[in-house]
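Here is a short briefing to read alongside the structure. Please keep the 3D view open as you go through the points.

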Amino acid sequence: MRIEPGSSWDAPQQFVMALNGHLPFIPRFVEQKRVPAPAPLNFWLRPKDEDLDRQVCASYVSRLRDLADQWIETGRGEADGESPNERKLPFELHEVLNGWASRNRPDMDLDQFGNTVVWMPACKKDFSSVLDAALEDAIRFFARFLDSPLRYQLCKCRSCGEYYCTRRIPRGFIKYGTYCEKHRHIASAKRANERMRVPERHRKLELAKRAWAKLPKRIKDEGAQALWVAEQVNKDLKYDETLIKRHWVTRYKNEIQGGIPSL
Ligand SMILES: [Zn+2]
């Protein structure tokens with residue numbers, strides 16, 4: 001049996017273009033009319049109702065984004081981290097897709113070699129209810145996209161919200177988050193920052209441990225102790241290091257008091 005996707009091979013790439021709102025990749029559901037154009041074209045197609053066309057396109061794109069976002073969300077972990085290859089359909093999205101599948105059964109026929117061919121449902125237009133037709137088709141487009149390896153390569157920029165595809169299926173955990181080409185520097189900055197911060201935190205912990213050992217007995221209150229330690233640490237910091245506050249001492253209390261090897 002052969003499964004015929006019923007759309008062009010680059011449909012998954014078109015899906016990403018449509019997600020970003022590029023009009024040429026969005027199917028049009030509003031009835032079109034011919035408008036005269038210079039040769040050799042002779043005519044252009046224009047929607048009969050331009051306002052309705054704009055409205056339907058916007059709803060279509062927002063539905064596509066909603067579906068894609070639900071999918072992407074399942075791979076997101078704590079902070080900005082993400083594991084795209086662990087994505088799976090959340091319950092509600094699974095229901096939406098299966099609802100669509102039960103309303104749109106594929107066609108079946110036989111090719112000239114006698115093979116059974118199953119056709120994926122094609123885009124259906126219904127001029128009597130264009131918005132419904134568009135929203136239903138957004139599910140079809142998404143279902144078609146899910147049936148491609150790009151489903152794990154699809155990412156959304158954490159900064160500007162643009163959708164893009166990575167070149168390969170990302171393996172493992174993307175610690176600093178997904179960023180488009182234009183905003184990739186944000187992830188690099190986070191990475192560099194982390195590298196810088198660890199030695200600084202380490203030094204501060206060492207200073208705090210030393211200060212803790214010298215803590216005057218008269219200071220009994222925990223808040224006051226933390227404040228005193230913070231003041232001692234701040235006295236020894238270099239000019240470009242960030243001063244610590246009482247809360248910092250409380251957060252690393254175990255390391256400071258227990259002498260547990262610090263980070
Ligand atoms: Zn971006």
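This is a predicted model: local features need pLDDT of at least 70, side-chain atom pairs count only at pLDDT 80 or more; totals for chains, interfaces and linings use all residues.

- Where the two domains touch, domain 1 supplies four residues and domain 2 supplies four residues.
- On the domain 1 side of this contact you will find two nonpolar and two polar residues, with no charged residues.

**Nonpolar cores**
- The largest nonpolar core holds 25 residues, and Y60, L64, A68, A138 and F142 have the most contacts inside it.
- Two or more residues of this core come from each of α1 (11-19), α2 (50-73), α4 (130-146) and β6 (154-156).
- Helix α2 gives the largest share of this core, with eight residues.
- Leaving aside residues up to four places away in sequence, A138 touches Y60, R63, L64 and L67.
- There is also a second, separate core of 11 residues, and A211, A230, V233 and V249 are among them.

**The β4-β5 hairpin**
- Strands β4 (residues 107-110) and β5 (residues 116-119) pair in the antiparallel sense, over four bridges.
- Five residues lie between the two strands of the hairpin, and in the turn G114 has a positive phi of about 90 degrees.

Conventions. Residues are numbered from 1 along each chain as its sequence is written. A nonpolar core is a set of buried Ala, Val, Leu, Ile, Met, Phe, Trp, Tyr and Cys residues joined through C-beta atoms within 7 Å. A residue is buried if 20 or more other C-beta atoms lie within 10 Å of its own, exposed if 12 or fewer, and partly exposed in between; C-beta atoms are placed from the backbone. Two residues are in contact if their C-beta atoms, placed from the backbone, lie within 7 Å. Ala, Val, Leu, Ile, Met, Phe, Trp, Tyr, Cys and Pro count as nonpolar, Asp, Glu, Lys and Arg as charged, and the others, Gly among them, as polar. Two strands pair if DSSP finds at least two bridges between them.
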